[in-house]
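Trainee: I am new to reading structures. Could you take me through one, feature by feature?

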Amino acid sequence: MSSPISIRPLTPLDFDRWLPLWDGYNAFYGRSGETALASEITAMTWSRFFDAYEPVHALVAENEGELLGLVHYLFHRSTTAIAPNCYLQDLFTDESSRGKGVGRALIEGVYERAQAAGSGRVYWLTHETNHTVMKLYDKVGERSGFVVYRKMF
């Protein structure tokens with residue numbers, strides 16, 4: 001990359017450049033082909049980014065007009081704080097841009113927006129086998145020690 005990476009909010013005009021990143025993110029987690037997300041989910045996710053009543057937000061990393069990565073985050077209330085918490089839900093960098101600071105820049109973009117919103121923390125999850133990205137996460141955050149449980153319906 002010859003010019004710096006810029007981090008900016010997603011715009012409605014970005015859909016055609018955002019979608020391949022979104023598809024890549026989902027494919028990474030096994031949601032492709034027969035297990036792909038329903039198109040209705042992608043459409044609803046996209047619409048939430050531009051709905052003022054939704055707490056869901058998106059940033060993209062851009063260089064020379066090309067989108068290199070995405071991050072989706074949301075704010076939610078907590079029983080242990082007055083200020084909202086910020087959950088970094090999705091982070092994805094195009095494979096050709098990995099290792100070039102894109103992921104870190106996207107995370108820092110979320111940090112900036114969380115601080116501006118008065119949030120006291122940003123947190124996220126990753127799969128225990130995702131060792132590559134965990135090297136970055138260990139540099140930009142701290143492991144909480146919590147274990148996630150879930151029940152799918």
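Predicted model: local features only at pLDDT ≥ 70, side-chain atom pairs only at ≥ 80, totals over all residues.

Trainee: Which residues of H2 are buried?

Mentor: Terms come before names. Helices (H or I, at least four residues) and strands (E, at least two) are DSSP runs, numbered from the N terminus. Buried means under 20% relative accessible area, exposed over 50%, and partly exposed in between, with a 1.4 Å probe and protein chains only. In H2, the buried residues are Thr42, Thr45 and Trp46. They fall within an arc of 100° seen down the axis of H2, so they line one face of the helix. The arc is that of the directions from the helix axis to the C-beta atoms.

Trainee: Why do residues a few places apart point the same way?

Mentor: An α-helix has 3.6 residues a turn, so residues three or four places apart point the same way. Now try H1. Its buried residues are Trp18, Leu21, Trp22, Tyr25 and Asn26. They cover an arc of only 135° around the axis, which puts them on the same side of H1. They pack against helix H2 (39-48), strand S3 (66-76) and S4. Contact here means heavy atoms within 4.5 Å.

Trainee: How many residues does H1 have, and how far does it reach?

Mentor: Helix H1 (residues 15-28) has 14 residues and reaches 20 Å from its first C-alpha to its last. That is close to the 20 Å expected at 1.5 Å a residue. The expected span is 1.5 Å times one less than the number of residues. Just after H1, Gly30 has a positive phi of about 85°.

Trainee: Which residues does H4 bury, and which face away?

Mentor: H4 buries Val133, Met134, Leu136, Tyr137 and Val140. Down the axis of H4 these fall within an arc of 160°, so they line one face of the helix. The face turned away from that buried side carries the exposed residues His131, Thr132, Lys135 and Lys139. S4 and helix H3 (102-116) are among what covers the buried residues of H4.

Trainee: Next, aromatic rings. How many pairs does a search of the whole structure find?

Mentor: A pair of aromatic rings is described by the distance of the centres and the angle of the planes. Rings of Phe, Tyr and Trp (its six-membered ring) pair if their centres lie within 6.5 Å; planes under 30 degrees apart count as stacked, over 60 as edge-to-face and the rest as tilted. The search finds 15 aromatic pairs. In one of them, the rings of Trp46 and Phe49 have centres 6.2 Å apart and planes at 85°, so the pair is edge-to-face. Both Trp46 and Phe49 are buried. In another, Tyr87 and Tyr123 have ring centres 5.0 Å apart and planes at 40°, so the pair is tilted. Tyr87 lies in strand S4 (residues 85-93) and Tyr123 in strand S5 (residues 122-123), so the pair ties together parts that are 36 residues apart in sequence.

Trainee: Are Tyr87 and Tyr123 buried or partly exposed?

Mentor: Tyr87 counts as buried, at 16% relative accessibility. Tyr123 is partly exposed, with a relative accessible area of 24%. Arg121 also lies over the face of Tyr123, at 4.3 Å from the ring centre. The test is NZ of Lys or CZ of Arg within 6 Å of the ring centre and within 35 degrees of the ring normal.

Trainee: Which residues form one aromatic cluster?

Mentor: The members include Phe15, Trp18, Trp22, Tyr25 and Phe28, and also Trp46 and Phe49.

Trainee: Last, the whole chain. In what order do its elements run?

Mentor: From the N terminus on, they run β-α-α-β-β-β-α-β-α. That comes to four helices and five strands. The radius of gyration is 16 Å, close to the 15 Å that the globule rule gives for 153 residues, so the protein is as compact as a globular protein of that length. The radius is taken over C-alpha atoms, and the rule is 2.2 Å times the number of residues to the power 0.38. Of the 153 residues, 35% count as buried.

Definitions and conventions:
Residues numbered from 1 in each chain as written. Heavy atoms only, no water.
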